[in-house]
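Colleague: I'm new to this one. Can you walk me through it?

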Amino acid sequence: QFQYPALYNLYKNKKIHDFFSTAEKKNEVIIFMRLERVYTKDQLQNDANSHWHVDTYHNTNKAWIYLTDVNLNNGPFNYIEGSNKFSLNRLIWEYLNSIETIFNKKITPFFVKKNKSQILEKKKIEFTCKKNSFLIANTHGFHRRGDALNGKIRDTISFYTRENYYKLLLKL
């Protein structure tokens, strides 16, 4: 609070809290914030976030304020529109993925296999934007960090919520 007052004020910003409250459909949300620099090496092939994935099995949101312009060269956010919505196909994918993960510890849950990734690539939306843009997304939907050229940088302030879906609310 005292060491970085501008960041603290941003963290307490009412508009950002209102965006998350609306997205989460809750009056009170706990938001986490961090500074993030993405420096591209090996065209992000060793960056897990550059592969199609979902963050968890329930609705959750992330937002970014871009401190640098985002273009096709420095890895724009990629998203599949509507992929956060319930469907029978999604339910089956999550169920089979959870079972496979139990029996094969080498599999990372929530990541899409290569054959399905190729299908998603054809449906992606790439979000390019100017610095100081604000982007919020439901990361229960399929998303990834976009392709980037080596040596490119993308700076952001990222915000996220991730409540334990099975938490107990106890009032004493």
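Predicted model: local features only at pLDDT ≥ 70, side-chain atom pairs only at ≥ 80, totals over all residues.

Colleague: Salt bridges, then. How many are there in the whole structure?

Modeller: The search finds 12 salt bridges.

Colleague: Let's pick some. Which residue pairs with Asp47?

Modeller: Arg145 does, with the closest N and O atoms 2.6 Å apart. Arg145 sits in strand E6, residues 143–145, and Asp47 in the loop between strand E1 (32–39) and strand E2 (61–66). So the pair ties together parts that are 98 residues apart in sequence.

Colleague: Is Arg145 buried or exposed?

Modeller: Buried, at 11% relative accessibility. Asp47 is buried too, at 15%.

Colleague: And which residue does Arg144 bridge to?

Modeller: Glu121, at 2.9 Å from N to O. Arg144 is in strand E6 and Glu121 in helix H4, residues 114–121, so this bridge ties together parts 23 residues apart in sequence. There is a network here as well: bridges with shared partners join Glu121, Lys124, Glu126, Arg144 and Asp147.

Colleague: How accessible are Arg144 and Glu121?

Modeller: Arg144 is buried, with a relative accessible area of 4%. Glu121 is partly exposed, at 27%.

Colleague: What does Glu24 pair with?

Modeller: Glu24 meets Lys26 in a salt bridge, 3.8 Å from N to O. Glu24 is buried, with a relative accessible area of 15%. Lys26 is partly exposed, at 31%.

Colleague: Why do such pairs form at all?

Modeller: In general, side chains of opposite charge can pair when their charged atoms come close.

Colleague: What about Lys25? Where is it?

Modeller: Lys25 is in the loop between H2 and E1. Its relative accessible area is 75%, so Lys25 counts as exposed. Its backbone stands out: phi is near 60°, a positive value in a residue other than glycine.

Colleague: Which other residue has a positive phi without being a glycine?

Modeller: Asn132 is one of them, with phi about 75°. Asn132 lies in the loop between strand E4 (125–127) and strand E5 (134–138). Asn132 is exposed, with a relative accessible area of 58%.

Colleague: Which residues lie nearest its centre?

Modeller: Trp93, Val112, Lys113, Lys116 and Phe142. They belong to a lining of 23 residues. Helix H3 (88–103) and H4 are the elements that give two or more residues to that lining. H3 gives the most, with 6 residues.

Colleague: How do the lining residues divide by type?

Modeller: There are 9 nonpolar, 7 polar and 7 charged residues in the lining of the largest pocket.

Colleague: Staying with H3, how accessible is Leu91?

Modeller: Leu91 lies in helix H3. Leu91 is partly exposed, at 45% relative accessibility. The C-alpha atoms of Leu91 and Tyr57 are 9.5 Å apart, while the two residues are 34 residues apart along the chain.

Colleague: Now the inside. What makes up the largest nonpolar core?

Modeller: That core has 9 residues: Leu10, Ile16, Phe20, Val29, Ile31, Ala63, Ile65, Ile157 and Phe159. Helix H2 (14–24), E2 and strand E7 (153–160) are the elements that give two or more residues to it. A second, separate core has 8 residues, including Trp64, Tyr66, Val70 and Cys129.

Colleague: Which residues does Ala63 contact, setting aside neighbours within four places in sequence?

Modeller: Phe20, Phe134, Leu135, Ile136, Ile157, Ser158 and Phe159.

Colleague: Why would nonpolar side chains group like that?

Modeller: In soluble globular proteins, nonpolar side chains tend to be buried together.

Colleague: Last one. Where is Asn59 found?

Modeller: Asn59 is in the loop between E1 and E2. Asn59 is partly exposed, with a relative accessible area of 46%. Neighbours within four places in sequence aside, Asn59 is in contact with Asn84, Asn138 and His140. Asn59 and Ala23 are 9.2 Å apart, C-alpha to C-alpha, and 36 residues apart in sequence.

Key
Residues numbered from 1 in each chain as written. Heavy atoms only, no water. Salt bridge = Lys/Arg side-chain N within 4 Å of Asp/Glu carboxyl O. Buried < 20%, exposed > 50% of the residue type's maximum accessible area, 1.4 Å probe, protein only. Helix = DSSP H or I, 4+ residues; strand = E, 2+ residues; numbered from the N terminus. 1 Å grid on protein atoms, 1.4 Å probe; cavity = no way out; pocket = protein on both sides within 12 Å on 5 of 7 lines; lining within 4 Å. Nonpolar A, V, L, I, M, F, W, Y, C, P; charged D, E, K, R; others polar. Core = buried A, V, L, I, M, F, W, Y, C linked by side-chain atoms within 4.5 Å. Contact = heavy atoms within 4.5 Å.
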